[in-house]
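This report walks through a structure for someone meeting it for the first time.

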Amino acid sequence: MAYPRDLIRNFCIIAHIDHGKSTLADRLMELTDTVAERDMEDQLLDSMDIERERGITIKATAVRMFYTHSDGKRYMFNLIDTPGHVDFTYEVSRALAACEGAVLVVDATQGIEAQTLANVYLAVDNGLEVMPVINKIDLPSADPDYVVNEIEDVIGIPAQDAPKISAKSGQNVEQVLSQIVELIPAPDGDPEAPLKALIFDCVYDNYKGALSFVRVMDGTVKAGDRIRSMGTGREFDVTEVGVFSPALTETPELTAGEVGYIAASIKSVAETKVGDTITLADYPADKPLPGYKQVQPMVFCGVYPADGAHYDDLRDALEKLQLNDASLSFEPETSAALGYGFRCGFLGLLHMEIIQERLEREFDLELVTTAPSVIYKVHMTDGSEKMIDNPSNLPPVTEIDYMEEPMVRANIMTPSQYVGTIMELCQEKRGIFKDMDYIEKTRVEMHYTLPLNEIIYDFFDQLKSRSRGYASFDYELCGYMKSNLVKLDFLLNGDMCDALSVIVHKDRAYPKGRAVAEKLKEVIPRQQFEVPIQAAVGGKIIARETVSAVRKDVLAKCYGGDITRKKKLLEKQKEGKKRMRQVGTVSVPSEAFMSVLRIN
Amino acid sequence: MAGAGIYIHIPFCVRKCLYCDFFSVAAAESAVADYTDALCLEIRRMSAILPQREYDTVFLGGGTPSILIPEQIRTVMRTLRTHFSVRENAEISMECNPGTVTEAKLYGYREAGINRLSVGLQSADDGLLKRIGRIHTAEMFYQTAASVKKCGFVNFSADIMYGLPGQTEEQYLQTVRAAAETGAKHISSYSLILEEGTPLFGMVRSGAVRLPDEEATADMEDSGTALLERLGFSRYEISNYAKEGFRCRHNLNYWKNGEYVGFGPGAHSAMRRDGWTRWNCPRDIPSYLSAIRAGGLPDYESERIGTEEEMFETVMTGLRLCEGIPFEEFRQRFGCRLPDVYRDAIAKLKETGWLDPDAYAGGRLALNAKGLDLQNRALSFFLPE
């Protein structure tokens, strides 16, 4: 029997990093006996190691809880967790679209942070009821009254009755549960109407295949139904439906207003797209839910095994990751310097870092990655157009009429005292200032148009360091713009090293060329001959450094008959040689390719 | 078969030098006595196990062997001679550090049978000595050298170092001259190697001290070698220089990949026992003492070496010697010709220009000066793929 819809509450938690989202979620699960205390592992929702370490949520997750309110009724809560980073704005918006309300957690010692604001706006746009909660009131520097006023001023929602809690100690967390019942509306929807289920996440399960996490808006779905993904048009037979408690638990059906999962022997998460609408093949909805987008990778880089022998392992690992991450793309590529590897596409920089880290950590691979690149639009003299995401594939200058680069619309929120330094930063990054609003006396929202290739390196880190961590930003792609771009190459002892080539703005070529050449001089070990390092644009040398020839490579030390030690050292040296890449006559350690990425 | 060597490790120091990663601990008098007793028991018990050999050299190294009083050295030597067949004309060396010896002590060592001393000078600059944690001054070294000669030691070596923190080339050359002037017949000059885990490693990493760069260190080595040659010390190994007839026989045996047995924790041994075998005693004094007291032997870590690896070891150690490896010695040991076994590696040496062609023509595989400078790279040609 379907659960009475007026007793269901679907909500998410919006919070800035470290403001206590996961801790609050844990307390809610504890208070509703969703997990026995002995099974509690701190911060249950963030299950990937990397998420825990970075304090962010990468994949959304959902939990079903039951709460008995003071009115004596038993309510079903579906908590949908949201990823918390700019790369995943689309995923956040789909998770929000699955809810009727959002619990906004604000740290009583910090106040509202700019990133939270972006998500609150997203929630308001999706028609969600936003319910503020003031957390960390147990800390000595807490100022809950100030934060209450700030919420009312900045966001414009009433906050006088907001629960003032300590998620850590559990103080007043009960109030959050009862306010969820009182303030967040029950879901609408018609269980008899044609099925419309919104996919807000998907996960690969070794036994059940790709699972779609859905919010059923209308209709009912059960095992045996034939379903259709309205965006992709593909059809599947449902093998199982169920809910998260928090482990996957099979149920007879999912009906309008409910949150759960659908298993349909789907081979890969690439076939079940976040934002898509699932309907029944023989009783279809006339149109899908709004907001579906095909997610496109924006940032690309070459990923190579540090030891060429591990190419197959790398491919297997990428395939496994892709099972769970439809936004990761990859295809084989070769580099004269790095051998066989893959061109990988990512949603953004954090996504790229996460994938690299998972490859290294979970699959025990050592990687060499090339400089991240965006997709350039190259207009050829013959009138044709080429999309280039790898500098090595850029056609000869003589065949290029002009080039365009992708631009983003960036919203930067910052305390007003950092406006000057942030404007400087944006100018350095070739930003075009649009406008600026005071969202309150001391807080500013700035709008810029920026080239994507300027923000994929260190923009975020710079923004953070120049604003002492207070500024935050959010961006979306806003089309292409004509730009004076050049390909910057590096030559080692006269031979070009394709893995180091980058496409940069003409004005950037000289300083970048010099900085990279200096760095290479540090990281390329001395060879038996002198090695000139040159930076070149279109055949013209713009910077030069030299690594002088090695003079001594000998262990001038006595080991008192300990020959094993010296033997091991030589073997280690030889092993290290395997991790060297040959660029013409020059041996370059794998680490060298990585170190030039960390310039600026 | 050439005579084998005996090494005795004395893992005690007055104080540990900042750069040192050899095995040694601060000494207490009773600990030294207990240790000497244990050594003698280990020597006796091992003699029953090891195959019969004639021994041509004995070397007491450390640590600082001169922490032992002559009576203790005498006991160790007597035990050795009782249980092992040490040749009459054997070279019996001992390391000693200025600041730990007196004339009376040196005389006692002489009486105990020591006939070669290796004295740690390291640098003739007091500032540098202090910086690397040595307990003595240059003046104390000169006094020790004078006492050494007075007590009748003709054959003694001065051990020096280059590439020390803040060291200049002139300071190093001054050290070379000072070492030569003492009348030493042998000079070992090792470059400072920054070993992880030593206090100096931390000091360099934190920026508290600075080591000379690669270029400056290479300059020191080259000028040092040239000066030593001018002073009559001919280079016979990468880091060792000697007057005619005063090469260190004990170390030569290591470089020829010969047989040796070591006693004490941290000592290494190599011997043909049912195949080429290496073993070493773990660097742990308490468990060493308790094993010996329990009537047994320490828990040696031992390894059987296959023929291919034994060949590589022979090349690895032999190419440290300026005269290299005589084909004939190699053939007698392995029953095959060195140029046949390492045809590809030798071709590469010719290609790089690191081979000594005269030696090769004369039936020896040796590196020239450039090859000695880049010995690690030369050896990589000989390592199996």
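Two strands are said to pair if DSSP finds at least two bridges between them, and the strands themselves (E, at least two residues), like the helices (H or I, at least four residues), are DSSP runs numbered from the N terminus. This is a predicted model, in which local features need pLDDT of at least 70 and side-chain atom pairs count only at pLDDT 80 or more, while totals for chains, interfaces and linings use all residues. Residues are numbered from 1 along each chain as its sequence is written, chains are lettered from A and ligands numbered from 1 in the order in which they are written, and side-chain values use heavy atoms, with hydrogens and water left out.

**Sheets of chain A**

One open sheet of chain A has eight strands in the order β10-β9-β15-β6-β7-β14-β11-β12, and its pairing is antiparallel. At its edges stand β10 (235-237) and β12 (248-251) of chain A, each with a single partner strand, so one side of each is left without a neighbour in the sheet. From one strand to the next, the twist averages 40 degrees, where axes are lines fitted to C-alpha atoms, for helices over the stretch in contact, and angles run from 0 to 180 degrees between N-to-C directions. Helix α3 (residues 89-97) of chain A lies across β6 (196-205) and β7 (209-218) of chain A, running at about 125 degrees to β6(A).

A second open sheet in chain A has five strands in the order β2-β3-β1-β4-β5, with mixed pairing. Its edge strands are β2 (62-68) and β5 (129-135) of chain A, each of which pairs on one side only. Neighbouring strands of this sheet are turned by 30 degrees against each other on average, direction ignored. Seven bridges join β2(A) to strand β3 (residues 74-80) of chain A, and these two strands run antiparallel; within the pair, A:A62 stands opposite A:I80 in β3(A). Helix α1 (residues 21-31) of chain A packs on the sheet, touching β1 (8-15), β2, β3 and β4 (101-107) of chain A, and its direction makes about 150 degrees with that of β1(A); contact here means heavy atoms within 4.5 Å.

Further along chain A, strand β23 (residues 432-440) and strand β24 (residues 443-451) pair in the antiparallel sense over seven bridges. A hairpin joins β23(A) to β24(A) through two residues, and A:M436 stands opposite A:M446 in β24(A).

**Helix pairs**

Two packed helices are described by the angle between their axes and the distance between the axes.

| Helix pair | Angle | Axes |
|---|---|---|
| α1(A) and α6(A) | about 80 degrees | 10 Å apart |
| α9(A) and α11(A) | about 160 degrees | 10 Å apart |
| α11(B) and α12(B) | roughly 160 degrees | within 12 Å |

Angles under 35 degrees count as roughly parallel, over 145 as roughly antiparallel, 65 to 115 as roughly perpendicular and the rest as oblique. α9(A) and α11(A) are therefore roughly antiparallel to each other. In the contact between them, A:T421, A:I422, A:E424, A:L425, A:C426 and A:E428 in α9(A) meet A:F459, A:Q462, A:L463 and A:R466 in α11(A).

In the pair of α1(A) and α6(A), A:L24, A:R27, A:L28 and A:L31 in α1(A) meet A:V173, A:E174, A:V176 and A:L177 in α6(A). In chain B, B:T307, B:E310, B:M311 and B:T314 in α11(B) meet B:F330, B:R333 and B:F334 in α12(B).

**Domains and backbone**

Chain B is assigned domain 1 (4-254) and domain 2 (330-382), with bounds that come from an automatic or database domain assignment. The centres of domain 1 of chain B and domain 2 of chain B, taken over C-alpha atoms, are separated by 30 Å.

Most residues other than glycine have a negative phi, and most peptide bonds are trans. The peptide bond from B:G62 to B:G63 is cis, with omega near 20 degrees, and B:G63 is found in the loop between β4 (54-62) and α2 (70-83) of chain B. A:S265, although not a glycine, has a positive phi of about 50 degrees, and A:S265 is found in strand β14 (residues 259-266) of chain A.
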